[in-house]
Amino acid sequence: MKRILVINGPNLDILGQREPELYGRETLGDINGNLEALAGRLGLGLEFFQSNHEGTLVEAIHRAGREFDGAILNAAAYTHTSLAIRDAVLAIPRPVIEVHLTNPAARDGFRKTSYLSGAAVGVVAGFGPRSYELALLWFSEPGRVAKA
Ligand code: DQA
């Protein structure tokens, strides 16, 4: 069974309370629960990880490279600032999909830059919790374990 690590960055642990008009009322637990159900239907194995710390996220990406077939990554604000997370994505031999609940390209100017998009195999943004599900669908297709 293909195994995917779902990694969430800072402030995503407080989804549901955090700017709900923007990010919705679902908690990260709700989103992960629905994703787990979809993964079951698709025959994929998932593990979930969240941290508010940059280095811890770097280590989670390394782990995805060693122990998983790929990763779905919402690095949250680190998307727009972190060369270390970009380098981690480049360093591992597995595909990483960048996801966002909102569409950062349609928001503040400083969110238009993503350090990760050029390192990821693709980006899914703007579809709320569905962004994660769309990324998972890609992983469910045959192959999809080595970087393109
Ligand atoms: C986000 C978008 C980022 O710009 C923001 O800093 C977040 C969440 C999203 O999922 O829409 O924390 O990654």
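Predicted model: local features only at pLDDT ≥ 70, side-chain atom pairs only at ≥ 80, totals over all residues.

Visitor: How many residues of β3 are buried?
Guide: Five of the five, so β3 is largely enclosed by the rest of the structure.

Visitor: Which residues sit on which side of it?
Guide: Gly-70, Ile-72 and Asn-74 are on one side, Ala-71 and Leu-73 are on the other, and both faces are covered.

Visitor: Let's switch to the ligand. Which residues are around it?
Guide: The residues around the ligand are Arg-18, Tyr-23, Asn-74, Ala-76, Ala-77, His-80, His-100, Leu-101, Thr-102, Arg-107 and Arg-111. By class, that shell has four nonpolar, four polar and three charged residues.

Visitor: Which atoms lie 2.6 Å apart there?
Guide: That's an oxygen atom of the ligand and an N or O atom in the side chain of Thr-102. Leu-101 has a backbone N or O atom 2.8 Å from an oxygen atom of the ligand. Arg-111 puts a polar side-chain atom 3.0 Å from a ligand oxygen.

Visitor: How much of the ligand does the protein cover?
Guide: The protein covers 99% of the 320 Å² of accessible area that the ligand has on its own.

Visitor: You listed His-80. Where is that?
Guide: His-80 is in the loop between β3 (70–74) and α4 (83–91).

Visitor: Buried or exposed?
Guide: His-80 counts as buried, because its relative accessibility is 14% and the cut-off for buried is under 20%.

Visitor: What does His-80 touch?
Guide: Leaving out residues up to four places away in sequence, His-80 touches Pro-104, Phe-110, Arg-111, Thr-113 and Tyr-115. With Arg-111 there's a polar pair: a polar atom of the His-80 side chain lies 3.4 Å from the backbone oxygen of Arg-111.

Visitor: Which other residue has a positive phi, about 75°?
Guide: Asn-11, and that one is not a glycine either. Asn-11 is found in the loop between β1 and α1 (20–23). With a relative accessible area of 38%, Asn-11 is partly exposed.

Visitor: New topic: helices. Which residues of α5 are buried?
Guide: In helix α5 (residues 130–140), the buried ones are Ser-131, Tyr-132, Glu-133, Ala-135, Leu-136 and Phe-139.

Visitor: What covers them?
Guide: The cover includes β1 (3–8), α2 (28–42), β2 (45–50), β3, β4 (96–100) and β5 (122–125).

Visitor: Tell me about Glu-133. What does it touch?
Guide: Glu-133 touches Asn-34, Leu-35 and Leu-38, not counting residues up to four places away in sequence. Glu-133 is buried, with a relative accessible area of 17%. Glu-133 and Glu-36 are 97 residues apart in sequence and 9.7 Å apart in space, C-alpha to C-alpha.

Visitor: And Val-124, where does that lie?
Guide: Val-124 lies in strand β5 and counts as buried at 15% relative accessibility. Leaving out residues up to four places away in sequence, Val-124 touches Ile-97, Glu-98, Val-99, His-100, Ser-131, Leu-134 and Ala-135.

Visitor: Last one: is Arg-41 buried or exposed?
Guide: Arg-41 is exposed, with a relative accessible area of 64%. Its place is in helix α2. The C-alpha atoms of Arg-41 and Thr-56 are separated by 30 Å, and the two residues are 15 apart along the chain.

Terms used
Residues numbered from 1 in each chain as written. Heavy atoms only, no water. Helix = DSSP H or I, 4+ residues; strand = E, 2+ residues; numbered from the N terminus. Buried < 20%, exposed > 50% of the residue type's maximum accessible area, 1.4 Å probe, protein only. Polar contact = N/O pair within 3.5 Å; in protein donor to acceptor, adjacent residues only side chain to side chain. Contact = heavy atoms within 4.5 Å. Near = heavy atom within 4 Å. Areas by Shrake-Rupley, 256 points an atom, 1.4 Å probe, with all protein chains shown as cover. Nonpolar A, V, L, I, M, F, W, Y, C, P; charged D, E, K, R; others polar.
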